[in-house]
Each structure stands twice: as C-alpha cells, then as structure tokens.
Amino acid sequence: MNVDELFEGIRKRDLRSVSRSISIFEDDLQSSKADELMKRIYPITGRAHIIGITGPPGVGKSTLMGRLSKRMKETGKDPALVAIDASSPFSRGSFLGNRIRMQDSLRENGIFMRSLSNRGFKGGLSLSALGAVKVLDASGFDPIIIETVGSGQSDLDIISIADTTAVILAPGLGDEIQAIKAGIMEIGDIFVVNKIDREGAFLAMKDIQDTLSLGKSGNWIKPVIGTNSLTGEGLDELINEIDQHKKFLGNGSGRDTRPTSELYLLLENRIRKLIESYVSDDESTADIVSLVRSRKIDPYEASEAIIRKSFGHVGKN
Amino acid sequence: MSGGEYLADGKNQSLFKDKPIKILLAKPGIDGHDRGMFVLARAFRDAGMDVLYAGLLPTPEDVVDTAVNEDVDVIALSLLNGAHLTVFKKVMDLINKRKIDDIAVVGGGTIPDQDKPKLEKMGITGNYGPGTPLKVIIDHITERATEARSRKNRN
Amino acid sequence: MDYDDYYSRKLISLKERIPKENHERELWSEKTLEPWNNSTGYEEGNFENSSGIKSDYYYNSEDIPKDTESSDLGKPGEFPFTRGIYPNMYRGRLWTMRMFSGFGTPEDTNRRLKYLIKHGESGLSIAFDMPTLYGYDCDNDRSHGEVGKCGVNVSSLKDMEVIFRGIDLSKVSTSMTINAPAAVLTAMYIAIAKKQKIPLNQVAGTVQADILKEYIAQKEWMYPPEAHIRIIRDMMTYCTENVPKWNYISISGYHIREAGSSAAQELAFTLADGFYYVDLGIKSGLSVDDFAPRLSFFFNSSINFFEEIAKMRAARRIWATVMKEKYGAKNNRTMLLRFHTQTSGYTLTWQQPLNNIVRTTIEAMAAVLGGTQSLHTNSYDEAWALPSEQAVKVALRTQQIIAEETGITHTIDPLGGSYYLEWLTDQMEERAYEYFDKIEKMGGMLEAVKKGYIQKEIAATSYRRQMRIENGEEVMVGVNKYKEENEKPIGILRISRKAQENQIQRLARVKSTRSEKKVEESLSRLEEAMKNPDENLMPYYIDAVEAYCTLEEISNVGRRVFGGWKEPVIV
C-alpha cells in the first residue's frame with residue numbers, strides 16, 4: 001500500500017491500513033515512508049486522549065486494560081489499545097503475551113489492539129509507540145490506551161507522551177515499596193490497587209495515599225482507586241477519574257505541553273540513534289575496544305578516544 | 001544450541017533487521033493439545049521472532065482478525081484432532097475473502113500425507129508432522145515470511 | 001491430624017534418611033574404574049533420565065537406608081504398599097485390559113460396546129469427541145468438522161440412550177473420559193439407570209473429572225477453577241451418599257506427562273492434585289475413610305523403563321504415607337493407590353510406525369512391573385490418527401502376551417530389592433516431596449495452578465527435552481537417528497462426515513419433540529442453584545438432562561453464572 005492508500009485507509013478506519021501504518025513506524029527500513037505518512041496524518045491528530053497504564057509485572061495490567069476498554073466501549077467511548085511486551089535480550093525475539101490476557105474483552109467488543117515489542121536500539125520503541133498513537137489518533141480512536149511494563153527509561157519515555165498516566169499496583173507483592181523506589185510514584189496521575197479482593201489491599205491503598213501526601217502534587221489531587229480486573233469492580237470509578245483528569249488538563253496548561261514533549265522525545269532518540277550510527281560505523285573503534293579488553297588502556301581514555309575519532313571534526317567542548 | 005543460531009545463518013537478515021518476523025500461532029479448532037505450540041513459541045522467540053499465540057479455542061474469525069490487527073507476516077496453524085481440512089479451510093476462506101495476500105499461512109499437526117496436496121492447493125504450506133526438526137520449520141517460515149514482508153513493503 | 005508444614009518436615013526427614021556417601025563405590029572407582037577409563041580413554045557420558053536424575057555406574061546396599069525392607073517396602077498388601085496393593089496381585093487377578101474407545105456416532109459406539117460385552121468384557125470405556133469435552137453441541141459452528149472425530153459425540157440424553165441401548169447398566173461398569181462436563185454426563189448416566197429401574201447403589205463407573213489437570217495440561221475447561229471445583233464437590237457429596245459405586249474422580253498424571261513433564265513432575269503434580277481433592281472432601285464435611293477409597297489414579301508409562309517403575313512404586317508409598325500420617329486414615333482401602341496406566345502417546349513416532357509396537361511393549365511391561373490395576377496399550381498408528389482395528393488388536397495382544405507368556409506375573413514386584421530400583425524409587429519420592437513443599441509454601445495446588453507455576457515447570461521441561469532431541473542428545477529412533485527416506489504411508493482410519501450429519505439431525509429431532517416449558521424451567525432452576533454456593537447441583541443436572549436440555553444449554557448456564565477462564569501466560 002502506498003502513502004495515499006494508507007492515508008485514505010486510516011481516515012476511513014480500514015483496520016488493515018491502520019495496522020500496516022503502525023508496522024511502518026516500527027520498521028526503520030521504512031523510515032522515509034514513515035516520515036511521509038506522518039506529514040499527512042499529523043494535521044488530523046490531536047483529538048484523542050492518551051492514557052498510559054504502567055506498573056510492575058503480575059499486577060494484572062493487561063486484564064484490567066481489557067476490562068477497562070470494554071467498559072469504555074459500553075459507555076460510548078471508542079478506545080484503541082497499544083501494549084508493549086518485553087523482548088528477550090538474547091535473541092531479540094519476543095513473546096507478545098499481553099494480547100492473550102485481554103483477548104476475550106477484545107473479541108466480544110471488536111476493540112482494536114496492537115502489540116509492540118520492546119527491542120532494537122534504545123528509544124526505538126518510543127518512536128514506534130509514538131507512531132502507533134498518531135495513526136490511531138488520526139483514525140479517530142479516542143481514548144488511546146498504552147500499556148508498558150513500567151521499568152526502564154523507554155517506559156518512562158512512553159509515559160511522557162500520555163496525557164493521563166495510571167500506575168497499577170497490587171497488594172501483597174511489596175510493590176508499593178518497589179514503586180516508590182523505582183520512581184513511578186512521580187509519573188502517576190491516578191493510582192490503582194488492583195486485586196482488591198486480596199488480603200492487604202486496604203493497607204496498600206493507605207500506604208500509597210500516605211506516600212502521595214508527602215510529595216507535592218500541584219493542583220491535581222492524585223486519587224487512589226481499588227479495582228478487581230476479574231469482576232470489573234472499580235472500573236467506573238477509574239473511568240470517572242480519567243475523565244476528571246482530562247477535564248483538569250483542559251482547564252490548565254497540561255495538555256498543550258504534549259507537542260513539545262513529543263518533539264523532545266523524538267529529538268533525543270533520533271540524536272542518540274544518529275550518534276550511535278556514527279560510532280558503530282567507525283571501524284577503528286573495534287581496535288580501541290580490543291585495547292580496553294586486553295587492559296592496555298582504561299575505559300575513560302578509550303571513550304575519549306572514540307569520541308575524538310568519531311566527532312573530532314564536529315569540534316570538542 | 002539455541003534456536004537463535006538457526007536464524008543467524010539464514011539469508012534474509014536485512015529485511016528483518018529492525019522489525020523481526022512476526023508470527024501468530026493458532027489452533028483454530030476445539031483442540032487443547034498445546035504442548036507442541038508452546039515448544040514452537042519458545043523456539044521461534046529464540047530464533048528472534050515476535051511471537052503471538054491466539055490462546056485457547058479461537059474461532060477462524062479471531063485468528064484472521066488478530067493477524068490483521070497485529071499485521072503479522074505468518075500465521076502458523078496446527079491441529080491434532082483431525083479437523084484440519086475443514087478448519088484450516090475456514091481460515092483460508094476468510095483470508096481470501098478479505099483479499100489478504102501479504103500474510104503467509106503455514107500448517108502443522110497430525111496431517112496425513114494424502115491431505116497435504118489439498119492444503120497446499122489452498123495455499124497452506126509446510127504441513128509438518130511430529131518429529132520435524134525445528135530448523136526445517138524455522139527455515140520454511142523464514143522463506144514464507146520473506147515473501148510476505150516483501151509484499152508488505154512494496155508500494 | 002497434623003497439617004502444618006507436613007511436607008517440609010517430611011522432606012527434611014527424607015533427606016536425612018537417604019544415604020549420601022558410598023565408600024564401596026568410591027574404592028571401586030579408584031581401584032578398578034579409573035584405571036580402566038584412563039586406559040581406554042573413556043569420556044564421562046550423560047546418563048540422565050527425564051526427571052534429571054543421573055545414574056551412577058552401579059548401585060549397592062550402601063545406596064539405600066538400612067531398614068528399607070521393613071519401613072519403606074513392606075509386604076504385598078501391607079503398608080506402605082510399595083510392593084503392591086493386594087496380597088496376591090496378578091496371581092489372583094490380572095490387571096484389567098481396558099481399551100479406550102469411542103467411535104463417531106452413538107450407534108457405532110453402541111455396536112462396539114455390545115461386541116465387547118459379548119466377548120466377556122464388563123469394563124466399558126468411552127472416549128468423547130472434542131465438542132462434547134468442551135460442552136458444545138454438535139450443531140454449534142465451532143463443532144463443525146470435529147463431531148465424532150476423537151470419540152463419540154453426546155449432545156443430549158438421547159445420544160446416551162442410544163449408546164447404552166440394550167445394555168443392562170447393573171451388569172457393567174463404565175469408565176467415561178470426561179472432565180469439564182463430567183457432572184452432566186454423570187447425570188445422564190444416572191438418568192438412564194433410573195429409566196432401566198436400576199437402584200442407584202448398583203450403578204458403577206468412573207468419570208475422570210480431574211479438573212486441576214485440565215488447567216495444568218489438557219486445557220479442557222469451561223469455567224474458572226473455583227466453579228469447577230464446586231461442581232466436583234457436589235459430585236463427591238452426592239455420589240458418596242447416593243451412588244456409592246461411582247468413582248467421581250480419576251486423578252490423572254497421564255496428560256501432565258503428555259504435556260511434556262518429567263516422570264518426577266508427573267508423580268508430584270498428580271499426587272498434589274489428589275491431596276487437593278482430599279482436602280476438598282474433608283472441607284465439605286466428609287470423613288476421609290468414607291470418600292477417599294473412591295479416588296483412583298491414572299498414570300503414564302513412558303519409555304525409560306526403570307524410571308517408570310520407580311515412579312509407580314513411589315506413588316503408592318507416598319499416597320499411603322500421607323493418607324495415614326497427614327489425614328489420619330484408619331481404613332487400609334483409604335491408603336491404597338489404585339491406578340490405571342496408559343502407555344505414552346508422546347513416545348510414538350510418526351516415522352517407521354511399526355517401531356511403536358516395540359515401544360508400547362516396553363512401556364506396558366513397566367506398567368505391569370509397576371503394579372498397575374488396569375492398562376491401555378496404544379496402537380502403533382496413533383501418531384497418525386485414530387487407531388485402525390488391526391492396530392488395536394496388536395495392542396491388546398501385547399498385553400495378553402505379557403500377561404500369559406512371559407511369566408512376569410508369577411511373582412509380586414519381581415524387581416523389588418534391586419539396589420538400583422530402590423535407590424531410584426527413593427529419588428523419585430524425594431523429588432515429589434520437594435514439589436509438595438514448594439506448592440504448600442505457594443498456598444496450595446490451586447494457587448500454584450492459577451499462577452501458572454505448574455504449567456511453567458512443565459513447559460520448561462518440555463522445551464528442554466525438545467532441544468535435547470533436536471541436537472541428538474536424546475535419541476528417538478527413526479526421528480533423529482536411523483532415519484529412512486521415502487517411507488510408505490500406513491493405512492489409517494477416517495471418520496466419515498456422516499457422523500456429524502446424523503448427530504445434527506438427531507439433535508434437531510430432540511429439540512422439536514421436547515417440552516420447551518420443561519427445558520426453560522429446569523434451566524432456570526439450575527441457574528438459581530448455581531448462584532447459591534451451598535446448593536448441591538447434581539439433582540438439578542439430573543432434572544435438566546431428563547428434560548432433554550442439551551449439553552451446551554446446560555453448560556451455558558454455568559458460562560453465564562460463573563464466566564469463563566483465561567489461562568496465565570506461561571511462555
């Protein structure tokens with residue numbers, strides 16, 4: 001399909017065009033096509049509310065996301081989902097398992113969902129996730145929900161393109177503490193304790209509330225909600241809080257910062273990629289690496305040497 | 001030896017450099033024998049592919065919807081309950097109806113030799129039985145994925 | 001009864017019991033083995049079985065606890081039943097040669113059952129097709145192409161009436177391989193017995209109904225685990241009171257093994273399932289000696305001969321010990337682990353299929369030496385399709401040859417006392433308790449299954465094994481060694497499409513002649529009962545099948561009330 005066909009397909013919400021377009025943003029071989037496509041769709045984006053869902057593994061994010069989207073559909077919204085699976089660091093392959101967890105909800109309600117795998121160069125995922133969000137936005141989906149595993153820089157990057165971020169935790173896993181340590185308390189706008197039928201759920205909610213009240217929260221008071229993704233309990237409350245947060249953003253200045261954070265995200269990742277390509281293309285780098293390996297020079301000196309080799313002509317300091 | 005080494009000597013590295021082969025494994029019938037599927041899922045992942053599993057008892061519609069939404073390169077169908085001629089055909093009918101020509105379909109399971117030409121005629125290749133070396137399967141999938149991806153990338 | 005930390009304490013004492021040093025072998029190794037190996041340039045090989053147990057060069061009396069004979073073995077028919085559950089074993093009565101069968105239509109199955117009865121068989125065994133196993137009717141879209149394929153189709157009581165037409169249920173015992181809808185099929189069997197005016201206390205048979213292993217291995221469920229377990233509880237309490245000869249659970253390791261587990265995992269997970277059902281019975285107010293004697297087991301017999309025999313012996317010992325020590329069983333029958341065995345389907349190869357006869361023979365011998373109560377031998381063409389008549393006959397003859405020509409049956413547990421086998425039995429036992437301990441610490445078997453822990457353990461073993469086969473570390477003759485080109489295909493059995501058409505027509509007739517009012521009433525009563533966890537569902541199931549509600553209509557009530565279940569992602 002060429003860019004014209006894809007663009008028309010996206011506008012008519014032909015799912016094959018939508019999903020093919022997302023693939024194009026995943027694949028660097030197609031980067032010129034991606035740039036061309038973005039030029040076409042960008043003007044018709046910006047309508048969708050972007051919701052980020054993050055949290056440690058095992059708290060039931062996928063199931064919750066499935067139920068949440070189903071409930072949204074029932075209440076007249078038109079959600080689409082993007083879920084990110086971790087890839088194997090050894091083979092770069094991945095098992096895109098999130099889909100199975102929400103399959104039933106998707107199937108019953110005809111909800112579009114796309115898995116992306118976390119792989120390739122650092123930041124590659126952010127670029128494809130951003131592309132996926134734009135395509136879905138251009139197709140008229142609203143909201144768009146992105147799920148990430150909640151660890152590492154690329155996850156935090158993705159969350160930065162969301163308007164509203166919900167952090168999902170569960171009782172009994174010691175996650176509350178872990179979450180605070182990992183710094184995901186700062187990025188959340190809404191906190192969810194899933195599996196509230198479990199022992200310790202109430203305490204977990206209280207813990208989070210206490211922690212939140214210590215930090216400064218600006219004008220938005222971060223709510224803590226209990227949910228049960230198996231029974232659907234708490235979903236309406238969560239949807240309501242998401243709506244409230246959207247309203248809050250609409251009143252303040254929150255939302256108009258998104259284009260700039262998108263720009264910085266792209267810039268940062270593209271620069272990093274550019275730099276990496278310079279460095280890895282330089283053949284003599286290998287010699288320096290082998291000098292370090294045989295302990296002939298120290299890593300500090302080596303890195304300096306590589307930078308001088310690669311970017312000497314750009315000018316130092 | 002890990003599955004990963006298989007792909008390393010394969011030819012079409014560059015086509016899949018940024019975006020690995022994406023494959024959907026499905027048993028689109030009433031058949032819960034998933035041992036082989038899980039072995040394949042791991043082997044494919046270790047060979048560097050992005051692997052999706054359609055879960056238990058998907059309908060042919062579920063399989064094709066998932067394949068389209070995820071824009072996979074290959075659908076791998078397997079059945080051990082003897083219903084392959086009926087059920088695989090339903091999947092192919094949907095694919096043809098939706099005019100999809102850039103997703104390859106391969107088959108496997110307990111498929112008698114005399115059924116293989118019928119499946120091939122529908123466009124389902126491979127049709128490997130128990131005991132087939134993983135390398136044979138992975139090579140075949142790589143070949144079919146290359147066709148599919150090239151079709152996807154054309155303008 | 002002492003519940004707390006039973007398994008971890010048991011494990012510690014077991015580890016203390018098993019000898020760790022072997023002076024004789026060390027001396028031998030220095031004096032005889034090493035010079036030999038050095039002079040011949042022998043490189044240490046990897047002699048490991050499926051359970052990851054490595055064998056030594058040879059075994060001697062130092063490898064087993066001093067008092068093994070008196071405390072670990074016992075005598076035939078005596079605690080802990082390691083040597084066999086009956087005092088005279090096969091000298092008194094051979095194992096039951098139970099050949100599992102299910103054919104396309106109820107009419108075919110009826111003919112087959114009558115043929116078997118005519119030839120002296122009283123233990124009937126029925127396999128069902130996939131739609132029946134998942135609680136779908138033959139006219140559901142999903143069933144298309146699968147009706148009658150892997151067994152007989154039952155969509156309503158009418159089909160069961162045809163299957164048992166002209167068969168006196170008071171004279172036979174029927175084993176039905178059915179799990180998720182087991183309560184509905186039990187209700188149908190009871191309904192037929194009632195029509196034949198047979199008192200329920202004379203109705204004998206078995207349903208598999210082991211739902212835990214469905215979540216673990218076979219993946220044939222309809223509802224979340226808790227809902228199925230509640231239905232099992234209802235069967236347990238109803239049958240204990242009303243149908244005392246009904247074996248409402250056959251706890252199955254077979255499928256766990258076929259899903260790729262090791263022998264030790266099969267042993268551990270199957271017994272852990274068994275203990276879960278014992279806990280369930282006790283929790284629902286039954287006394288262990290009243291219901292546990294009705295529990296029976298179903299194991300796999302695979303190709304590593306000694307490993308399989310050790311597994312079966314260890315299973316008997318563990319069950320008897322735990323029933324006595326942990327659950328306070330008083331009655332010997334409660335402690336007996338009775339089991340059916342089927343030879344391994346996984347070891348059958350599609351290549352050079354006649355070799356499968358040899359594999360099945362070896363596996364069948366292991367089952368007999370392991371003391372099984374009944375045995376199904378696989379047919380050599382089963383890697384291809386449902387077995388042909390010729391292949392089934394060879395499989396049955398295999399059992400008859402073992403039973404009547406070899407002399408294996410002349411004495412009880414003939415391999416007992418072998419240093420190697422006793423050591424191996426201890427090793428299997430220890431590995432089982434290691435799992436029991438781990439599972440107990442995870443909050444019990446149901447939790448472990450819901451978390452996907454058991455499934456992950458099995459998938460990891462299965463993948464490791466596949467890799468070993470791929471790189472030739474593990475040999476499968478004809479598959480990765482001694483291969484042949486251009487093998488000739490063997491003749492196989494095909495089920496005609498007619499089975500499906502016949503079934504759909506019969507179901508349409510049933511639906512057009514039954515009273516819709518009765519159907520609706522019985523289904524809504526069932527729905528109300530399902531919503532009340534204290535209600536026993538069995539009478540409602542019987543009521544519904546008698547009103548000719550279909551299997552799917554009945555199953556759908558549960559799908560509405562309980563919902564479905566998504567398995568944890570385990571790759």
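Analyst: In this predicted model, helix α12 (residues 263-283) of chain C packs against helix α14 (residues 305-325) of chain C at an angle of about 25 degrees, with the axes 10 Å apart. Axes here are lines fitted to C-alpha atoms, for helices over the stretch in contact, and angles run from 0 to 180 degrees between N-to-C directions; helices (H or I, at least four residues) and strands (E, at least two) are DSSP runs, numbered from the N terminus. α12(C) and α14(C) are therefore roughly parallel to each other, given that angles under 35 degrees count as roughly parallel, over 145 as roughly antiparallel, 65 to 115 as roughly perpendicular and the rest as oblique. The crossing of α12(C) past α14(C) is right-handed, a crossing being left-handed if the near helix is turned anticlockwise from the far one by less than a right angle, and right-handed if clockwise.

From α12(C), the residues C:Ala263, C:Glu266, C:Leu267, C:Leu271, C:Gly274 and C:Phe275 meet a set in α14(C) that includes C:Glu308, C:Lys311, C:Ile318 and C:Trp319, where two residues are in contact if their C-beta atoms, placed from the backbone, lie within 7 Å. The residues of this contact divide into nine nonpolar, one polar and four charged; Ala, Val, Leu, Ile, Met, Phe, Trp, Tyr, Cys and Pro count as nonpolar, Asp, Glu, Lys and Arg as charged, and the others, Gly among them, as polar.

α14(C) also packs with helix α16 (residues 355-369) of chain C, at an angle of about 30 degrees and with the axes 8 Å apart. That angle makes α14(C) roughly parallel to α16(C), and α14(C) passes α16(C) in a right-handed crossing. Here C:Phe305, C:Glu308 and C:Ile309 in α14(C) meet C:Ile362, C:Ala366 and C:Leu369 in α16(C), and the contact has five nonpolar, no polar and one charged residues.

Turning to the surroundings, the largest nonpolar core has 196 residues, and those with the most contacts inside it are B:Ile23, B:Leu25, B:Val74, B:Ile75, C:Ala432 and C:Tyr541. Such a core is a set of buried Ala, Val, Leu, Ile, Met, Phe, Trp, Tyr and Cys residues joined through C-beta atoms within 7 Å; a residue is buried if 20 or more other C-beta atoms lie within 10 Å of its own, exposed if 12 or fewer, and partly exposed in between, with C-beta atoms placed from the backbone. The largest share of this core, 11 residues, comes from helix α8 (residues 182-195) of chain C. Not counting residues up to four places away in sequence, C:Tyr541 touches C:Ala183, C:Val184, C:Ala187 and C:Ile554.

C:Leu157 lies in helix α7 (residues 157-163) of chain C and counts as buried because 25 C-beta neighbours fall inside 10 Å. Leaving aside neighbours within four places in sequence, C:Leu157 is in contact with C:Met188, C:Ala191, C:Val545, C:Glu546 and C:Tyr548. C:Ser418, in the loop between α17 (389-404) and α18 (419-441) of chain C, has 16 C-beta neighbours inside 10 Å and so counts as partly exposed.

As for conventions, residues are numbered from 1 along each chain as its sequence is written, while chains are lettered from A and ligands numbered from 1 in the order in which they are written. Because the model is predicted, local features need pLDDT of at least 70 and side-chain atom pairs count only at pLDDT 80 or more, whereas totals for chains, interfaces and linings use all residues.
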